[in-house]
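Take a look at the model below.

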Amino acid sequence: MTEALSTGVLIVGAGPAGIRAAQTCVAAGLHPIVVDEASQAGGQIYRRPPSTASRSAKDRYGSEAGKALALHKCFDQMVSHGQVTHLSQSSVTAIAHQSAQVLTQGGIKVIGYENLILCTGAGDRLLPVPGWQSAGVFSLGAMQIALKTQEIALGRRLVLAGTGPLLTLVAAQLIRAGAEVAAVLDTAPMRQQVKGAWAMARARPIVTLRGAYLRAILGRRYQAGVRNLQITTNEAGPTQIGWQDHRGQDRRTACDGVGLGWHLMADTQLADLAGANFCWSPEWSQWLPASDPAGRLGNGVYLAGDGLRILGADAAECAGQIAATACLEDMGRARNPRKRVHRRYARMQRFASGLAQAFQVPQELISQLPSDTVICRCEGVELGDIQAAARRVGPEINRVKSQCRIGMGRCQGRYCQFAAGRILAEMGQVGPAKIGRLRAQPPLRPLPVSAALQSESVKDLQ
């Protein structure tokens with residue numbers, strides 16, 4: 001039978017935002033339930049390795065080691081003192097009627113809640129590249145997880161491509177760990193990066209300098225303003241990634257592992273199921289939940305961290321405190337957060353705006369793709385399939401989805417929606433906001449039939 005639980009506050013995600021939200025609730029005398037997909041709290045940026053790991057915290061987290069260890073200790077103490085119920089290695093697959101369906105190691109749990117704080121974080125923004133469905137091609141996030149948790153590089157000779165701070169961070173982490181990184185290919189032109197860097201430096205000069213230092217570690221491996229990426233595999237020889245440098249010269253680099261990523265996208269699917277309204281953000285090129293400054297969505301639902309805006313780990317800590325405080329205020333347990341938390345959060349928002357400006361995705365990366373390029377790797381949907389569907393039903397993303405299965409695979413559109421929206425907008429000669437967004441559908445994660453059969457409440461949540 002399905003196990004039923006209830007709580008005053010359910011927190012989804014145990015990264016920086018979720019940990020600080022839990023800490024704020026505990027300080028007010030509440031006992032929240034925290035659901036997280038990882039085995040230990042920390043989130044992606046402060047992901048923890050197994051106990052057998054040999055690398056030090058300094059090697060793993062760099063200049064952020066102190067923050068990582070402090071967050072780990074904070075959460076572990078709350079759990080050991082019985083102040084928090086932590087459901088690790090668990091995924092929320094559906095939300096409805098103030099209940100969450102959670103897939104755990106032991107089966108399905110249905111958790112009733114009075115208030116819900118979503119700290120779902122962000123995932124890789126991926127763009128289709130000819131040949132990216134080949135073996136040995138990973139997201140930058142996957143490469144970072146393998147390095148942090150298993151202490152391995154996903155290949156003997158690596159090429160990383162895309163744009164955004166994660167590109168240079170992962171490259172520098174791999175190099176420090178002893179991996180061979182042959183090239184780091186950034187599609188953002190240097191002029192654009194410099195323009196955004198001024199805004200970043202005004203808001204957070206030290207963090208901006210750290211980014212410049214990581215860039216210096218890469219040396220001549222780093223190339224800005226790259227175009228026309230193509231991945232080719234050959235049984236008789238190594239994988240090669242073809243690219244065009246900022247001067248227009250064609251180049252090829254041999255490798256056996258490729259990491260791709262164009263900054264990050266907020267994970268908003270649970271917010272969608274929880275009833276959020278969405279607005280198109282030109283700054284972030286994404287549909288984002290509409291909330292008040294404290295993260296309120298209404299009806300006892302709150303958002304914090306990168307699942308609301310891509311602001312980074314430090315801002316996520318602030319957002320977790322702010323959202324939890326708003327929740328407490330609405331519960332009649334008023335707690336005024338320190339003004340410095342709000343000031344710090346505002347400064348990080350300015351920094352993130354500069355970051356978004358520096359690492360925009362050039363439209364030509366998508367508009368110049370050949371028609372046989374795979375756009376949806378889960379379902380094998382090619383660019384030509386999307387174009388043919390749009391000619392039949394018009395450039396609206398959910399109608400196109402019904403025709404060619406774009407976004408119907410395992411990732412539920414997390415990796416293909418951005419590119420599909422750009423493709424349809426170009427076909428319809430309209431802005432991306434006119435194309436619509438893929439609506440979230442439960443279950444958000446693959447659900448074993450054996451687990452689904454345990455639950456008599458699954459249908460009620462779908």
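This is a predicted model: local features need pLDDT of at least 70, side-chain atom pairs count only at pLDDT 80 or more; totals for chains, interfaces and linings use all residues.

Residues are numbered from 1 along each chain as its sequence is written, and side-chain values use heavy atoms, without hydrogens and water.

Two packed helices are described by the angle between their axes and the distance between the axes. Helix α12 spans residues 383-393 and helix α13 residues 397-404. Helices are DSSP runs (H or I, at least four residues), numbered from the N terminus. The two pack at about 115°, with axes 9 Å apart. Axes are lines fitted to C-alpha atoms over the stretch in contact, and angles run from 0 to 180 degrees between N-to-C directions. From α12, the contact (heavy atoms within 4.5 Å) takes in D385, I386, A389, A390, R392 and V393. From α13 come R399, V400, Q403 and C404.

N398 also sits in helix α13. N398 is buried, because its relative accessibility is 11%, and buried means under 20% relative accessible area (1.4 Å probe, protein chains only). Its side chain reaches the backbone oxygen of R437 at 2.7 Å. Beyond four places in sequence, N398 touches R437, L438 and R439.

M200 lies in helix α6, residues 190-203. With a relative accessible area of 9%, M200 is buried too. Leaving out residues up to four places away in sequence, M200 touches P205, T208, F351, G354, L355 and A358. The C-alpha atoms of M200 and R347 are 9.7 Å apart, across 147 residues of chain.

Terms used: Buried means under 20% relative accessible area, exposed over 50%, partly exposed in between (1.4 Å probe, protein chains only). A polar contact is a pair of N or O atoms within 3.5 Å; within protein, one must be able to donate a hydrogen and the other to accept it, and residues adjacent in sequence count only if both atoms are side-chain atoms.
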